Amino acid sequence: VKNALVMRDELGELFIYDLAFRPDGSQLIVAAGNRVLVYDTADGTLIQPLKGHKDTVYCVAYAKDGKRFASGSADKSIIIWTSKLEGILKYTHNDSIQCVAYNPVTHQLASCSSGDFGLWSPEQKSVSKHKVSSKITCCGWTNDGQYLALGMMNGVVSIRNKNGEEKVKIERPGGSSSPIWSIAWNPSKDEHNDILAVADWGQRLSFYQLSGKQMGKDRQLNFDPCCVSFFSKGEYIVMGGSDKQASLYTKDGVRLGTIGEQSSWVWTCRVKPDSNYVVLGCQDGTIAFFQLIFSTVHGLYKDRYAYRDSMTDVIVQHLITEQKVRIKCRELVKKIAIYRSRLAIQLPEKILIYELHSDDSSDMHYRVKEKICKRFECNLLVVCSQHIILCQEKRLQCLSFTAVREKEWLMESLIRYIKVIGGPSGREGLLVGLKNGAILKIFVDNPFAITLLKQNTSVRCLDMSTSRSKLAVVDEHNTCLVYDINTKELLFQEPNANSVAWNTQCEDMLCFSGSGYLNIKASNFPVHQQKLQGFVVGYNGSKIFCLHVYSMAAVEVPQSAPMYQYLERRMFQEAYQIACLGVTDNDWKDLATEALEGLDFHTAKKAFIRVRDLRYLELINSIEERKKRGESNNQLFLADVYAYQGKFHEAAKLYRKTGHDSRALSMYTDLRMFEYECDFLGSADPKDTKLLMKKQADWAKNSKEPRAAADMYLTAGEHMKAIEIIGEHGWMDMLIDLARKLDKAEREPLSRCAVFFKKFNHHGYAAEIYNKMGDLKALVQLHVDARHWDEAFSLVEKHSQFRDDVYVPYAQWLAEHDRFEEAQRAFHKAGRQAEAVRVLEQLTHNAVVESRFNDASYYYWMLSMQCLDIARDNTEKKEEMLKKFHSFQHLAELYHVYHSVHRYMSEPFSSNMPEILFNISRFLFHNLTRDAPMGISKVDTLYALAKQSKLLGAYKVARHAFEKLQGLKIPSRYQDSMELSCLTVRSKPYRDSEDLIPMCYRCSTNNPLLNNQGNSCINCRQPFIYSASSYEVLPLVEFYLEDDISDEEAVSLIDLEVPRVQTNSSWQEMSSGGNISVTLQTLKKL
């Protein structure tokens, strides 16, 4: 730390008790004698002395908002002054005022005297005062203005809230023998807790949290402290006292150095807000104003930069990865050196040697390797793998890590610069520059220095190239000079340089900084400049390490300019090496292109790999393969390169020059440059013209100009390609014009036209095309696909061979649209009997499942008719079909009958008379002696029969039906009514009404209502013939014809008129048991 005395004023006999800065730093308020002095900090002039106190002024304080300040005096009064130096308020205490402090948030003023303290704010009319047990010597508010700390003569620190109530009491070990003389809160916003620094006349400095908990141990001062003041950001402390000097400490109390020595006690000190200026007030009336200059202590090796932070810490920064590690030394760091895995830190009484934890290049974990506990005074410090080098004016000393001095070199002049340039462990080389211009190389294991060269001007900065063949020197005149070490020849020199560095990855590149510019020089090319503030300290690849003020930054600098300098001289290999250090993608492309045109395929290939240009890589690979096969015509290779680059005319000229006209033609064709192709051919052959037209049409198609392509294809005679384009875009007008122009013999183009007409639903045009071609089958299929059935049927009438082609899809279409009956008829018409039967079976099944029993009856009847037709046409299946015929007829009759029963059971009302329902139920019952067909319910049948029997007086039948129902599962909805009916029927006589008993018209036998023979006579086995409406037995008798009577004769006989019969009728009256009956007797006479 360096200091510079900026201002000094001596006030003679006046005692300087206190100082205060205005928050913006423009004014300094001084408590001197019984006056308040106001200074301008810009030039140190006294603005005005303020008179208002009658006795010595002990304290001053400025409000945080800068609008007012206060002064306290031994005359027991407080005066409030405005920033315009006008007194606006005065109030008093009972004792002399010892200290004042403004709240940083509410601007409340705390004034402390020997016996009490008061709290005043502009909003209050009076001052609230609070008694204390001891004299208050100092006070201070926390950063948030919530608490006030009071330091007292009895060694106690009392922390009060804004109302003056004590919240925390800190009792120091020394008690009244160690009075608290100064306190200060750390103003840092980074601290999580409020930290209070306490200095007492027990010569100790301590730190406390707001809770009263001490932080760390007491710091011994060896003097009586009179004042403590923090820097604005809280990183440092300034203290003064009986040692007659102001000292700088860290925020943790580590002494860093002396700011300024005085001839009397330093009674007060303050830090100017937001600056490094410190003002001191002394017992003898001296006011001293110092500027603190914090020098940079740092070290650099390649991409690792170590620097001092907060004076006691060392931060090692990896400039590439931006990783940082902090090493806390807790003492003043004086020197830093870094080399490879070693880090040396010089402290006041020792040197610490650190090493990396591992060999990983990104490792940032350092551990202590050695400690040299000895005090050293040196100008420069250098560390090697096994040694440290101390520079003392003209002397260099080499010490081992155990503090053994191994070598010593005495130079002829002052050492201005020293740098480790590498080497084996324990034998590293040092580059040393002297004030007299000599430049030497020293090896740590060699006692003799080697003089590399000597120049007339003093050395300021040095660096050696990676191959150790060139040396760059910056002299005292800010000139950068580059020498060849072997020949001692000055290669070149550049002005305006303050530091220089060689690129560690490229032998011929260096950079130097100066006058606000960064200069990059490659080989012997002109310098490339760009703006940059700071000093260049390293150059690695494309990164330049620059130190600006106190910070080190890695600046990414594209190496474009030197790369292009090499390209201009067609030095492709060197340009590639520069590009590898870091250039933009466009620079890589330029390098690749230039190398390719220069036929340096190896460099071009590597450059194109960088930009991932597969197209050019394929070209280079193909050229390399051709070279392996023996091709060596560079003109032809260059023509291919030009073609890839878009320089088509140059490529065509080279192709013609090398005798490869076909390649030029292919190139123009691929590029659709047909006019240039014609010019290149120089021919008007119709074949060539047609070929070009086809190529041009292909190009138009690929370039999404379909109409132009179609016209060109038509002109070239490529009808199919034209039709494809026209059809894909739906240009029907153009397509029909083309189709009508085509000859009917061109069947393939016509067929393709018809396909597109069908696709876009222009069936009329398609039909026209098929008629033109005479393709009737395709025409029929067109009508079928378009569902134009009428046109299809009319064609079938004329050409029956297409019957199946029409009716089968028609039937399928009907079936798909739920028109099954029509579908069945269509299948029948198409002669697809099996399909017709299958459709009817499916219809029947669906009807039964959906309880449409009338429809099921009808479908079964139709099935029977289908089976009859099949039996008539197919003698092989006649027996089988007749059997099915009878089966389907029987099922049709059963479902027809059950339809009425089902409606009666499921609907609330029935349109059938009870006699009809009775006959139907009885008919069904006689036919359900075995398994019932699907969908027909025995329960419904028996229950209907029982109900109608009971209603008509057939009680015997009813009871029989109810008994049958007992063995079946009865639905719950019928259960109650069925049980009731079953009970009530038992109260009826066990007989049936004679009016219901059927008679056989063949043998005149009365048959029981429930017949074991089913629907046949029990006597003659004659089947009953039932009425289709009422299901009463009809008076019909089956008879057989004599052998000599034919069927036709029998029919004619049946159709003859019945002969008339004479009848005599008479009524006969009979009486029996009081009943009279009248009978009509008829006598027939033929």
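## Working through a helix and a strand

What covers the buried residues of α23 includes α22 (878–906), α24 (938–952) and α25 (955–966). Keep in mind that this is a predicted model. Let's work through some exercises on it.

**Exercise 1.** Find out how α23 is placed: is it largely enclosed or open?

*Solution.* Step one: locate the helix. Helix α23 runs over residues 914–927, 14 residues in total.

Step two: look at its length. From its first C-alpha to its last, α23 reaches 20 Å, close to the 20 Å expected at 1.5 Å a residue.

Step three: pick out the buried residues, those with under 20% relative accessible area. In α23 they are I916, L917, F918, N919, I920, S921, R922, F923, L924, F925 and H926.

Step four: conclude. Since 11 of the 14 residues of α23 are buried, the helix is largely enclosed by the rest of the structure.

**Exercise 2.** Work out which residues of β3 lie on each side, and whether they are buried or exposed.

*Solution.* Step one: recall a rule. In a regular strand, side chains alternate between the two faces of the sheet.

Step two: sort the residues of β3. One side has Q27, I29 and A31, and the other has L28, V30 and A32.

Step three: check each side. Every one of these residues is buried, and both faces of β3 are covered.

**Exercise 3.** Which strands pair with β3, and in what sense?

*Solution.* Step one: take β2, residues 16–21. β2 and β3 run antiparallel and are joined by five bridges.

Step two: take β4, residues 35–40. β3 and β4 are also antiparallel, with six bridges between them. Here you can look for A31, which stands opposite V36 in β4.

Step three: look at the turns. The hairpin of β2 and β3 has five residues between the strands, and G25 there takes a positive phi near 80°. In the hairpin of β3 and β4 there are two residues between the strands, and G33 in the turn has a positive phi of about 65°.

**Exercise 4.** Step back to the whole protein: how many helices and strands are there, and what share of the residues is buried?

*Solution.* Step one: count the elements, which gives 27 helices and 57 strands.

Step two: turn to burial. Of the 1086 residues in the protein, 48% are buried.

The protein exposes about 55,000 Å², with carbon and sulfur atoms supplying 47% of it.

Notes. Residues are numbered from 1 along each chain as its sequence is written. This is a predicted model: local features need pLDDT of at least 70, side-chain atom pairs count only at pLDDT 80 or more; totals for chains, interfaces and linings use all residues. Side-chain values use heavy atoms; hydrogens and water are left out. Helices (H or I, at least four residues) and strands (E, at least two) are DSSP runs, numbered from the N terminus. Buried means under 20% relative accessible area, exposed over 50%, partly exposed in between (1.4 Å probe, protein chains only). Accessible areas come from the Shrake-Rupley method with a 1.4 Å probe; for residues, only the protein chains shown count as cover. The expected span of a helix is 1.5 Å times one less than its number of residues. Contact means heavy atoms within 4.5 Å. Two strands pair if DSSP finds at least two bridges between them.
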